[in-house]
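Open the model in your viewer and keep the selection panel at hand. Each stop below says what to select and what is there.

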Amino acid sequence: MYKFLYLFFILLGYSQVFAQINNEDENNDFSHAISIGWSNPISSISTLLDSKYEEKFGILIDFQMTISENNFYRVHSKFSPSYKNPMLSLNNFLISINKGKWLMNKENKKIGHGIGPYFRCNIYRGQAVAGTQAFWSSDYFGTGLEYFIFLEYSIKKDVFLNIIANFNIGFHQYYESTIVNSSGGTAVLSQEYWGLRLANQQLISIAIKKYL
């Protein structure tokens, strides 16, 4: 029940931002941009020497829509895809929509920051087998606020190296396990909880940004 309430609030936040976008002047000459890159370089590198843990490669997709000389909107998504037959997984899937502002906007260097709501979960898709349909499932839901700041360095005309830092805090689903002993043996029970937590598995991202 809680997960649906949190999903409702995050969608409500998105709708309010989109309503603001629709109220902006659509006839402007300011450029938009798309970024594609690596969403978790720090955690991936830090686990290279740890044989007990394997960090999955993270992907960043980011669209920026400029609405005025100093302001922009940003739709931001990160996830770590993996496939182990017959299951496709999108771990740490996060999507957010933010309103941002330029702190510095020069020809070869740009700095911007902003804030907005996010929604995150893990997504799984199992393949169809023996005539059955493919199924989707998800877990570890969360929603809250994301603050971001990014720095762009010019590589060539309209192409930038984009370094992004994200700070996320919100209410997240998690589980705690309890070992129960009985006459029939030992069992492990998991209890679902919701609590205020950080969501910074993908704290730093590196991407190539192209202005359109």
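The structure holds three salt bridges. Here a salt bridge is a side-chain nitrogen of Lys or Arg within 4 Å of a carboxyl oxygen of Asp or Glu. This is a predicted model, in which local features need pLDDT of at least 70, side-chain atom pairs count only at pLDDT 80 or more, and totals for chains, interfaces and linings use all residues. Residues are numbered from 1 along each chain as its sequence is written, and side-chain values use heavy atoms, with hydrogens and water left out.

**Stop 1: the salt bridges**

Select Arg-74 and Asp-62. They form a salt bridge, with the closest N and O atoms 2.7 Å apart. Arg-74 sits in strand β3 and Asp-62 in strand β2, so the pair ties together parts that are 12 residues apart in sequence. Strands (E, at least two residues) and helices (H or I, at least four) are DSSP runs, numbered from the N terminus.

Is Arg-74 buried or exposed? Arg-74 counts as buried, at 1% relative accessibility. Asp-62 is buried too, with a relative accessible area of 3%. The cut-offs: buried means under 20% relative accessible area, exposed over 50%, and partly exposed in between (1.4 Å probe, protein chains only).

Now select Lys-209 and Glu-152. Their salt bridge has its closest N and O atoms 2.4 Å apart. The pair links distant parts of the chain: Lys-209 belongs to strand β9 (residues 204–211), Glu-152 to strand β6, and they are 57 residues apart. Lys-209 and Glu-152 are both buried.

Which residues do shared partners join into one salt-bridge network? Show Asp-62, Arg-74 and Glu-146 together: these are the ones.

**Stop 2: the nonpolar patch**

Switch to a surface view. Select Ile-34, Ile-36, Ile-61, Phe-63, Val-75 and Leu-212. They make a nonpolar surface patch of about 510 Å². The elements that give two or more residues to this patch are β1 (32–38) and β2 (59–66). Patches are made of residues with over 30% relative accessible area and no salt bridge; like charges are joined within 9 Å, nonpolar side chains (Val, Leu, Ile, Met, Phe, Trp, Tyr) within 5 Å. Accessible areas come from the Shrake-Rupley method with a 1.4 Å probe, and for residues only the protein chains shown count as cover.

Pick out Ile-34, in strand β1. At 32% relative accessibility, Ile-34 is partly exposed.

Go on to Ile-61, in strand β2. Ile-61 is also partly exposed, at 38% relative accessibility. What does Ile-61 contact, leaving aside its neighbours within four places in sequence? The list is Ser-35, Val-75, His-76, Ser-77 and Phe-79, where contact means heavy atoms within 4.5 Å. Draw a distance from Ile-61 to Phe-79. Their C-alpha atoms are separated by 9.1 Å, with the two residues 18 apart along the chain.

**Stop 3: backbone geometry**

Select Asn-85 and Pro-86. A cis peptide bond joins them, with omega of about 10°. Pro-86 lies in the loop between β3 (71–84) and β4 (87–105).

Next, Asn-92. It has a positive phi of about 55° although it is not a glycine. Asn-92 is in strand β4. It is buried, with 18% relative accessible area.

Then take Asp-158. This residue is not a glycine, yet it has a positive phi of about 65°. Asp-158 lies in the loop between β6 (135–156) and β7 (159–182). At 34% relative accessibility, Asp-158 counts as partly exposed.

**Stop 4: the whole protein**

Clear the selection and colour by secondary structure. There are two helices and nine strands. Along the sequence, the pattern is α-β-α-β-β-β-β-β-β-β-β.

Of the 212 residues, 39% count as buried. The protein exposes about 12900 Å², and carbon and sulfur atoms supply 61% of that. For contacts with a separation of 6 or more, 61% are between residues 24 or more positions apart.
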